[in-house]
Each structure stands twice: as C-alpha cells, then as structure tokens.
Amino acid sequence: MAQLNAFCLHMMPSAFATVVAARIDLASGHVEAACAGHLKPYLTNSSRTAAQAPIRLSPPIGVRGVTYEPSAFTVERGHGLVLYSDGLVERRGESIDDGLDRLAQTLGRDNAAPATWIWTQMASDHIDDDVTVVALRRP
C-alpha cells in the first residue's frame, strides 16, 4: 500500500482512491489484508447477520504522510469472505450505514451465496455506480 500510495502521489498528486488488498490461504484460512479507505469486507458464517472483517482502516491512497496498517485474521472452515465496491451498498438519499446493514442481513440469509446471488439480492433501481462483488467460501 505504501508503494502504491507513493506512486499515486507522484503520478496523480491531486487524486485519491480507496483500496482493499488481501492475500488468502484457502487451505489454512489465514488472511493478510490492508484497507486504504475502502469499505471493509464481510465475514459470513451461520449467524443471521454477517460481520465486517477485522481489518484496520487506513486513509485512502493519495494522502501524504500516511502509514498503512496490515491486519491478519482467519476465515474458518465453512465460512466465507465477501469483498465489494461501494456501488453495491450506496444509494442516493440514503445513509451508507443503511446499505451496509442491508448487505449484512442479505449475507446472513445465505452464508454460502455466490457473488451473482448477492448482486441480485442487493440490486435495485437506485444503483448509480459500478458494482463489484467477490465472494469466497473456505471448504
């Protein structure tokens, strides 16, 4: 993240971007991740509401003098991890928290859902942004 930030500050000094990067070992479930201003991924399990992954939030890419803190956690067997872009949860005239709550409840209805199911459940006529969903489940 620090190298990406330095590159962006050099090449596009007035721009910024949010980024989440993760390295996942599906055999052990070990995840190393960093989050630069991006919405946190969700962990899915058998509970009725999914929880945000325990990732430290750092400022976006494009901010001078920032350090990026990595996080580590484990995705247990039979559980999943869902990463997404803000277009999935943001709605004009609505709090982002409402969209995040809706996503957590949606993920709680099917903890093994593929990305296409998540998109279909969250889709509405009010989506104004691009949407990306990456869903994985540890066997």
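Predicted model: local features only at pLDDT ≥ 70, side-chain atom pairs only at ≥ 80, totals over all residues.
Q: Nice. How many helices and strands are there?
A: The protein has three helices and eight strands.

Q: And in what order do the elements run from the N terminus?
A: The order is α-β-β-β-β-β-β-β-α-α-β. With a radius of gyration of 16 Å, close to the 14 Å that the globule rule gives for 139 residues, the protein is as compact as a globular protein of that length.

Q: What does the C-alpha trace span along its principal axes?
A: About 45 × 40 × 20 Å.

Q: Switching to the surface: what is the accessible area, and what percentage belongs to carbon and sulfur atoms?
A: The accessible surface is about 8,000 Å², and carbon and sulfur atoms account for 53% of that.

Q: What percentage of the residues is buried, then?
A: Buried residues are 34% of the 139 in the protein.

Q: How about charges, how many positive and negative?
A: There are 12 positive and 15 negative charges, and their mean positions lie 6 Å apart.

Q: I've got my eye on Asp-97. Where is it found?
A: Asp-97 is in helix 2, which covers residues 96-109.

Q: How accessible is Asp-97 there?
A: Its relative accessibility is 46%.

Q: Last one: what separates the C-alpha atoms of Asp-97 and Ala-123?
A: Those C-alpha atoms are 16 Å apart, while Asp-97 and Ala-123 are 26 residues apart along the chain.

Key
Residues numbered from 1 in each chain as written. Heavy atoms only, no water. Helix = DSSP H or I, 4+ residues; strand = E, 2+ residues; numbered from the N terminus. Rg over C-alpha atoms; globule rule 2.2 N^0.38 Å. Buried < 20%, exposed > 50% of the residue type's maximum accessible area, 1.4 Å probe, protein only. Areas by Shrake-Rupley, 256 points an atom, 1.4 Å probe, with all protein chains shown as cover. Lys, Arg positive; Asp, Glu negative; His and termini not counted. Charge placed at Lys NZ, Arg CZ, Asp CG, Glu CD.
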